[in-house]
Amino acid sequence: MLISIILGAVVGIVFGAVSGLVPGIHANTVAGVLLSLQAFLLVWFDPVVIASAMFSVLVTHTFLDNVPGTFLGIPDADTSLAVLPAHALCLEGRGEEAVRISALGSAVGVVLSLPLALAFVLVLPALQPAIDWGIGLVILAVAGYLIVVSESPGWALAVFSVSGVLGLFSLGYSFLAWPTGGESGVLMPLLSGLFGIAVLLQASHGLMPVQHFSGIDLPEGALRRGSILGSVAGALVGWLPGLSSATANALLTSVVGYDSNPREYILATSAANTVNAFLGLAAFYAISRTRSGVMAAISALEEIPPATAILLSGAIAAVGAYLLTIRLSRAAGWFSGINITRLNHAVIIFVAILSFILCGPFGVFVLLLATVVGYVPTLVNIRRVYCMGAIMVPVMVYSFSLA
C-alpha cells in the first residue's frame, strides 16, 4: 500500500502544481476529471492511488495558489483577500518573500492539522446539529463587527450588501454559465472582478522594482500568532457546512488586518487554506460530510481507502509542494523591470478570456459587474474586505435555509 500512497502523492503534486499555478483551474476540477476516469484508472491502479492523488492535488494546490496572486495579482477562489498584501509586497520588490511566507504558513498548517483534527473528531460530532443551525449567526456577527468598526459604516454596509446580492445572483444563476469551469466555476470571474481587475485598474504604473530577497521579515510573535489564528480559522471552515477558505480570509481580517499586518495576514490565510483541506478530510471520515469537491469525488469512488492512507499521502504531498513553492519563489527575479501597466493590461485580458472560456458570456457579465463593485472601496476609502459579502451573504442564506 505504501507504494500506492507514494505514487498517488507524486501524481497529486504534478496535477496540484498545474491547478495552483494556472488561474481558473481548481483542485475540485482535477478531482472531477480523475473521478470520471475511474473505470479506466482502476484497470491499472488500486483505489488508494486514485484517492491519494485527489487529496494530494488539494494539498499541493493550497501551497501554490498564492504564486500567481503574488506576481500577477490574479486571485484564486481561496486566496482572494490574501492576494492584496502579497501583490503589494511584490510591487515593493519583495515578491519572493511573500511567496515564502505563504509556503511557511501552509507548512505550519500541516503540522497543526493533526491535533486540531483529533480534537474536532472527538468533540464536535455530538454538537453537529447545533453547529449546522448556528453557523449563519456566527457569520452575521462577524460581518456586523467588521462593518461597525469600519472607516465608514454606511459605505461598508452598502458595499457588503451589494456584493452579497451579486454573489447570490452569480451563484443562483450559475446554470447560465458554460459547464467548463464546473459547478463553482462562476466564482472565478466573481472574485477576479472584485479582488483582481478592480485592483489592477487602480494599480501603480511604471516599472516593476528589482525583486530581492533578504529573509522573511515577520514581526516578533507574528509567526506564533498568525499560525494559531489561521489554523483555527481553517479548521472551523474545514469542518463547518457551507464555508470555504475565502470565508476564513474574511474572518481573519477581524483579528489580523491585511493592510496593517500584511506578512502576518499572508501567513495566517495560507495556514487556514491548508488546514481547511485536512479538516475537510476529518469531517468526511468522522461525520460523512463532504466539505469540498475533492471530498465529494473521493466519496464517489467504488472503494474508499482508510483515512490513514490518504492522510499520509497528503503529508508527502505537503513536503513536495513546500519545496516546489520555495523553488518557484525565486521566479520573482523574472518580473524585475517589467512595465507594470502593460503587465496589468495583459492580466486583465487574460482573465476576461479565461472567464469566457470557463463560463461563457455569463462569466464575462459577472466579471464586469464584479469589477464595478470592486472599484467602489477605493473611491470611498474603505477596505476591500467588505466585498467578501459576495461569499458571506450566500453562506448566511444557505445556513438560514432561505435558499
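## Lining of the second largest pocket

In this predicted model, the residues that line the second largest pocket divide into 12 nonpolar, 5 polar and 3 charged. The lining comprises 20 residues, and those lying nearest the centre of the pocket are L84, A88, V199, T378 and R384. The space in this second largest pocket comes to about 510 Å³.

## Aromatic pairs

A pair of aromatic rings is described by the distance of the centres and the angle of the planes. With ring centres required to lie within 6.5 Å, the count for this structure comes to 7 aromatic pairs. The rings of F55 and F278 have centres 5.3 Å apart and planes at 90 degrees, and the pair is therefore edge-to-face, given that planes over 60 degrees apart are classed in this way.

## Aromatic cluster and a charge over a ring

One aromatic cluster is formed by F169, Y173, F175, F362 and F365. Elsewhere in the description of aromatic rings, the charged end of R100 sits over the ring of F213, at 4.6 Å from the centre of that ring.

Note on methods:
Residues are numbered from 1 along each chain as its sequence is written. This is a predicted model: local features need pLDDT of at least 70, side-chain atom pairs count only at pLDDT 80 or more; totals for chains, interfaces and linings use all residues. Side-chain values use heavy atoms; hydrogens and water are left out. Rings of Phe, Tyr and Trp (its six-membered ring) pair if their centres lie within 6.5 Å; planes under 30 degrees apart count as stacked, over 60 as edge-to-face and the rest as tilted. A charge sits over a ring if NZ of Lys or CZ of Arg is within 6 Å of the ring centre and within 35 degrees of the ring normal. On a 1 Å grid over the protein atoms alone, a cavity is a set of points where a 1.4 Å probe fits but cannot get out, and a pocket is an open set with protein on both sides within 12 Å along at least five of seven lines; lining residues have an atom within 4 Å of a point. Grid points are joined across faces, edges and corners, and a volume is the space filled by probe spheres set on the points. Ala, Val, Leu, Ile, Met, Phe, Trp, Tyr, Cys and Pro count as nonpolar, Asp, Glu, Lys and Arg as charged, and the others, Gly among them, as polar.
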